[in-house]
Amino acid sequence: MKSSNFCLTNFYTKDKTLRIKKGRNKTNNQKNKTSSSKAAVQNQELIASQNVIKAPVIKEPVIKEEIISQLIIEKPIITKPIIEEVIVEESIITDPIIEEVIIEEVIKEPIITKTILGEEDEKPIKKTNIKKETNLKKEQIMKFFEKYDSSKNQRVEILDLEGKIINESLRPKELTDEKVLEAYKIMNLSRNQDNYQNKMQRLGKMLSFLSSTGQEATEVGYAMQLNKGQDWFVGAYRNNAAWLTSGIPMRNIMLYWSGNELGNVTPEGVNVLPVNIPIATQYSHASGIAFAEKYKKTKNVVLTTTGDGGSSEGEFYEAMNFAKLHEVPCVFMVENNKWAISTPRVKATKALNFAIKGVAVGIRNVIVDGNDIFAVYAVVQEAIALAREGKGPSLIEFDTYRLGAHSSSDDPKVYRPEAEFQEALTRDPLIRTKKYLMSKNLWDEDKQAKLDNEQEEFIKAEFKWVVENNKVDLIDIFQYNYEKMPPLLEEQYQEAKEHFEKHGYERGGH
Ligand SMILES: Cc1ncc(C[n+]2csc(CCOP(=O)(O)OP(=O)(O)O)c2C)c(N)n1
Ligand SMILES: [Mg+2]
């Protein structure tokens, strides 16, 4: 048990009375002298304050409101912020969920560890977090994280390659056919944007970009679950489909890829961090934001993502370690697209898979078919619900594939086996989702052609706006780092200015 100055103590005693006490923790010395739970109770009683609340024991199915209404009268005496631990007698606990709800209602504290007091010796048996809200039913909790074992490479799948639901019981009821259609349209928009940007970059009209092609089901499937203006998306650089879904205007993305930092300025109410190029560093940003949300006692969550290659970075573990230590509401995601530029997954890690990397830092984890919009949605939904309830972070590996080049300066044909690519095309998430919608008579080729036309017109108009409004000056590279440019930066700016005035402003690319 942690030694802290004060604790709140719950006793579910044999006389079927729940007693909640605020008092000082025993010292190690005192603990050693305690040989039975009875003695421990007496000992605690001696050192505890006199603030005792009586209520019926929570044993059999209990009506939560009844108990809470009795406790509410006494609430003010136990709302001090110094509470750190709750001790309960093991034998009486029959329903951990109900118990947690009650403790939460009474204490209103964000971080409380629970230690079970055994029959004979006082020893910590189990630690868990306090449930913060009851929007998940007991049977829904850990449907995926508990049932799918990443050490056996088990993978969550709901939709097959032919667009048929193979696991109806796992389908989230919130993901209605209308929502699937909505998701498909964004996936298709992102794909069309990638294709268009590819042409513009080849024509020298756009500096550089990285596509989401092949990873749309993953990105739309997780981003569509953000509460706009409340939750956060902390992405990397290959997140076009997620950005569009989270409310970033397409013209912003295009402006950024045309070399203008102002593309990173998000509209009011869109909680999305700027494009993040140094790989895996976004995990730390996400962990910190999630810590802040917990500190502020909101119910907001943070979604963050990196690539398979990014999971080899030290910061990947540092950020997750911090997040788990503080049980912050963060969902960590790895988009395993099998390649880190030209480095294949097998040359990057000997780990069995990417989800299992969560074990090192004690984070629950699961592998999902990332080209299956239903599976992605279902698992992310669970991870978000757990995070909102105060049950800390999760790690999700999306098994997907990068169907495009790494970036617009890359040619995968020189390193990617053609057979592997052809096989990956059969798992294209757009085709699978489209087949599902067609099987439900919600989609057909005429609708597809109409949508493609509309989207292409929209994309062209957005890019036209970018071309007309992309005013960048050399000084923009220097002037936003500090409120006032320090002398060293000023010197560098002058040097660059002289260089470009002499040699001209050649446009480069990545
Ligand atoms: C800290 C850091 N090291 C190296 C790079 C160069 N770099 C850019 S992308 C990339 C590969 C990342 O692969 P992965 O994490 O699998 O993401 P993907 O591009 O496949 O989405 C590398 C090494 C970088 N941007 N940041
Ligand atoms: Mg990768």
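The model is predicted: local features need pLDDT of at least 70, side-chain atom pairs count only at pLDDT 80 or more, and totals for chains, interfaces and linings use all residues. Residues are numbered from 1 along each chain as its sequence is written, while chains are lettered from A and ligands numbered from 1 in the order written.

**Confidence**
- The protein averages a pLDDT (the predictor's confidence in each residue, from 0 to 100) of 80, and 71% of the residues score at least 70.
- Residues 1-134 have pLDDT below 50.

**Strand E8**
- Helices (H or I, at least four residues) and strands (E, at least two) are DSSP runs, numbered from the N terminus.
- Six of the six residues in E8 (302-307) are buried, meaning that 20 or more other C-beta atoms, placed from the backbone, lie within 10 Å of a residue's own.
- One face carries Val-302, Thr-304 and Thr-306, the other Leu-303, Thr-305 and Gly-307.
- In a regular strand, side chains alternate between the two faces of the sheet.

**Pairing**
- Strands pair if DSSP finds at least two bridges between them.
- E7 (232-234) runs parallel to E8 over three bridges, with Phe-233 opposite Leu-303.
- E9 (330-336) is also parallel to E8, over six bridges; Val-334 is the bridge partner of Thr-306.

**Ligand 1**
- The shell holds 15 residues, with Ile-279, Gly-307, Gly-309, Gly-310 and Ala-340 coming nearest; a residue is near if its C-beta atom, placed from the backbone, lies within 6 Å.
- E8 and E10 (339-340) each supply at least two shell residues.

Conventions:
Contact = placed C-beta atoms within 7 Å. Buried ≥ 20, exposed ≤ 12 C-beta atoms within 10 Å, placed from the backbone.
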